[in-house]
Amino acid sequence: MLKYSFKRLISSVLTLMIIITIVFVLLRQMPIEGYFDNFDKLDQAQIQAKLSQLGLTDPIPVQLWNFFVDLLHGDLGTSSRYATGAPIADLIAKKAPISIKLGVLSMALSLIMGIPLGAAMARSKGKFWDKIGTVYIVFINAVPAAVYYIFIQMYGTSALTIPMLFDEKNLVTWILPVFSMSLGSTASYAMWLRRYMVDEMNKDYVRLARAKGVSDKKIMMQHVFRNAFVPMIQYIPTSLLYTISGSIYIESLYSIPGMGGLLVDVIGRQDNPMVQAIVIIYSCIGIIGLLLGDLLMGMIDPRISFVKKEGAR
Amino acid sequence: MPGIKDTMSQKLEKSVSAQLEQQLDSAAAINEDELFVLADYDQSAAEKAGYSNYSYWRSTLQVFFKNKLAVCLLVVLVLLVLFTFLQPHLPGQYPANLINTHPQTGKALSHVSPSFSTVLITAPQGAMVNAEPVKDAEGWYAVDNKLSTIKSRQKFTVVEYGENWCKIEYKNMTGYVKNNFQTKLKLPEDPTAVPYESRSNFNLDLYMSDVDYTNNGAALYVEGSKLTMNGDGTASFAQDAELRVLPSTHAFWFGTNNIGQDLWARVWSGTRTSLFIGFTVAFFEALLGILVGVLWGYVRKLDRLLTEVYNVIDNIPNTIILILISYILKPSLQTLIFSMCLTRWLGMARFIRNQIVIIRDRDYNLASRCLGTGTWRIIMKNLLPYLVSVITLRMALAIPGAIGSEVFITYIGLGLPVDIPSLGNLINEGRQLITSAALRYQLIFPAIVLSIVTISFYIIGNAFADAADPKNHV
């Protein structure tokens with residue numbers, strides 16, 4: 001287990017480095033306007049001076065090396081247009097907590113809603129609750145998130161008579177953003193839990209338990225649900241990934257001062273260093289999510305072994 | 001009663017045994033050689049035993065057509081897709097990018113509410129109006145029945161009192177003014193005791209008759225053939241005539257946007273763009289995904305390399321790749337399609353790779369290889385037909401997925417320019433107006449069309465994938 005964890009960690013770090021390299025090299029191809037806040041007013045010499053001051057005239061491998069060295073010191077560079085000259089790490093440190101709070105709250109809410117829904121769907125397979133749940137899952141999966149987010153904001157705020165925009169101190173304004181963000185994950189938890197539970201219900205040990213006369217409730221809670229929940233564990237950290245696109249929508253819709261809204265802002269202003277930093281941070285979140293998912297799986301389910309088996313495929 | 005039964009059964013038994021004896025006797029009489037005859041090979045008989053009328057595609061379609069919901073949605077979707085192509089060729093459609101302006105004032109017709117007809121009111125034969133030909137619309141006349149405007153606090157004489165209209169005399173003219181809360185006529189205690197002098201604190205419109213043939217004061221439009229001109233700028237209706245808010249019989253069914261473009265045309269044009277994006281992405285996803293997936297699964301030497309590449313790319317959230325590519329390249333249709341293809345083929349490739357690894361070394365493939373079947377033929381004939389269900393499912397889901405990604409990319413400001421209407425564009429434009437309840441139709445119409453398209457593709461895709469799985473054919 002330890003050896004596996006170590007290997008997995010190393011490969012995650014390597015992947016991260018490759019991703020940073022790709023992002024870095026790709027963003028060097030952008031027009032240089034994105035590094036200046038007053039490009040039109042400068043003459044050629046000033047532009048060159050600024051570029052060499054930023055280290056952009058160096059060959060790309062040197063730039064990349066410098067970037068990695070800075071990164072290890074916690075320095076993500078400085079913003080060029082969004083907040084000229086401000087260190088990006090500080091800007092993000094200000095914005096990140098609210099995004100994390102929203103993400104964690106919505107993840108909790110989606111677990112609270114998704115797991116009972118999935119279990120209810122599996123128990124009433126082919127009947128009322130299953131059909132209702134299926135309609136919900138199809139709707140969430142098929143319709144682009146932007147559409148129902150906007151409609152929730154539009155009608156939700158007027159139905160609950162709460163302000164349309166987010167205010168950190170006013171707790172009522174947290175309801176709709178958190179609720180909207182949790183809808184997607186709720187659907188996927190419900191879908192997977194239903195599938196695993198139905199699979200599990202058809203297994204022999206469940207039939208045996210039923211034949212022995214164990215009550216339906218006990219079978220569901222102690223046998224089916226427990227076993228079906230194990231593969232679900234893997235998805236929980238991964239669902240952080242899905243809250244990313246959700247947070248981008250939600251934060252700019254409700255004008256929440258978080259990372260997602262920040263990304264939309266800096267894209268609009270073509271602030272290259274900021275885009276680069278935020279993209280790298282989101283990639284990190286994704287990788288950490290996958291890594292945690294794999295490690296949790298290994299810890300929880302003793303049947304999964306990480307010893308490599310050689311054999312004919 | 002038992003007696004009868006016994007006799008009946010005894011009779012039957014006797015007759016049966018008699019028959020048996022007869023048969024045995026006749027059999028004994030046959031020669032040994034005649035008893036066993038070699039059967040000749042009969043081709044039609046041989047085919048009869050081995051023939052099965054099972055056909056994969058027919059069974060697939062049969063199973064699919066049993067799913068009523070999916071068939072209904074398929075019909076809806078086919079009609080919708082046909083209509084998006086038909087719509088620009090229908091008579092009386094406004095082009096999607098045309099900025100409609102008012103022919104008289106020249107102002108853009110922005111935020112016109114959705115309506116199915118341009119008719120505001122119908123005027124009876126003989127009614128009098130002022131008429132003036134419209135410059136940019138041949139055969140159309142701008143009409144109104146305003147006689148004059150009475151300035152505020154000017155005195156006039158009421159000669160006839162009504163609930164809604166008062167007939168008045170003012171500077172040698174006899175006409176009608178509205179009697180409502182807006183005009184606020186200063187009336188005596190008993191207003192029906194005519195005539196008396198009166199006035200208002202507001203400017204009053206004096207009409208020729210006790211009907212308002214204007215559009216909140218602006219002119220209405222009518223075809224010239226329905227008018228009889230009097231020569232002094234006035235005209236009377238030669239027949240009953242419909243008075244319209246625009247010099248055109250074509251209404252803005254979905255209203256117009258803020259710069260006066262017809263939303264009806266834009267929604268269908270946008271659906272066309274979005275479907276084009278969806279189909280193109282689905283096609284490239286299938287093409288790239290199958291190609292790479294087959295190589296990955298079938299060629300052992302490539303397995304390690306491609307798995308590593310997959311692990312790296314899969315670790316980056318798709319959204320981020322989408323944003324990054326759209327950010328680096330200039331926003332255009334090609335960029336959008338390219339960035340979506342870049343994120344989507346990977347999933348397809350992995351699906352196919354996993355399936356191929358599972359079935360690659362099954363006995364029938366081993367046998368096929370031993371018999372000297374070429375790799376290409378094995379892939380095309382032995383492996384891919386197994387994957388039809390997976391491939392169709394992923395292709396069908398690629399379409400709503402691509403439309404959704406398009407909405408997302410447009411939302412964060414990296415989407416198509418506004419002169420290429422797409423559902424993403426329209427929704428994004430509509431989103432900016434949600435604070436005003438009267439303008440929400442600009443969001444609701446594109447959202448409804450988009451939801452119909454994506455939900456239909458999703459359900460049809462799932463139903464077809466189920467139907468394409470031979471396990472469901474029995």
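**A close look at Ala146(A)**

Mentor: Leaving aside residues up to four places away in sequence, Ala146(A) touches Tyr249(A) in its own chain and Val407(B), Phe408(B), Tyr411(B) and Ile427(B) in chain B. Two residues are in contact if their C-beta atoms, placed from the backbone, lie within 7 Å. The model is predicted: local features need pLDDT of at least 70 and side-chain atom pairs count only at pLDDT 80 or more, while totals for chains, interfaces and linings use all residues. Residues are numbered from 1 along each chain as its sequence is written, and chains are lettered from A and ligands numbered from 1 in the order in which they are written.

Ala146(A) is also among the residues with the most contacts inside the largest nonpolar core, which has 109 residues. Tyr249(A) and Ile427(B) are named there too, along with Ile278(A), Val267(B), Leu324(B) and Leu450(B). Helix H14 of chain B, residues 441-468, gives this core its largest share, 16 residues. A second, separate core has 17 residues, including Tyr141(B), Val222(B), Ala241(B) and Leu246(B).

A nonpolar core here is a set of buried Ala, Val, Leu, Ile, Met, Phe, Trp, Tyr and Cys residues joined through C-beta atoms within 7 Å. A residue is buried if 20 or more other C-beta atoms lie within 10 Å of its own, exposed if 12 or fewer, and partly exposed in between, with C-beta atoms placed from the backbone. Helices (H or I, at least four residues) and strands (E, at least two) are DSSP runs, numbered from the N terminus.

Next comes the contact between the chains. Chain A and chain B each put 33 residues into the contact. On the side of chain A, at least two residues each come from helices H1 (2-28), H5 (128-142), H6 (145-159), H10 (235-253), H11 (259-268) and H12 (272-300). H12(A) gives the most, with seven residues. By class, that side of chain A has 25 nonpolar residues, seven polar and one charged; Ala, Val, Leu, Ile, Met, Phe, Trp, Tyr, Cys and Pro count as nonpolar, Asp, Glu, Lys and Arg as charged, and the others, Gly among them, as polar.

As for chain A as a whole, there are twelve helices and zero strands. Of its 313 residues, 32% count as buried. Among its contacts between residues at least 6 apart in sequence, 73% join residues at least 24 apart.
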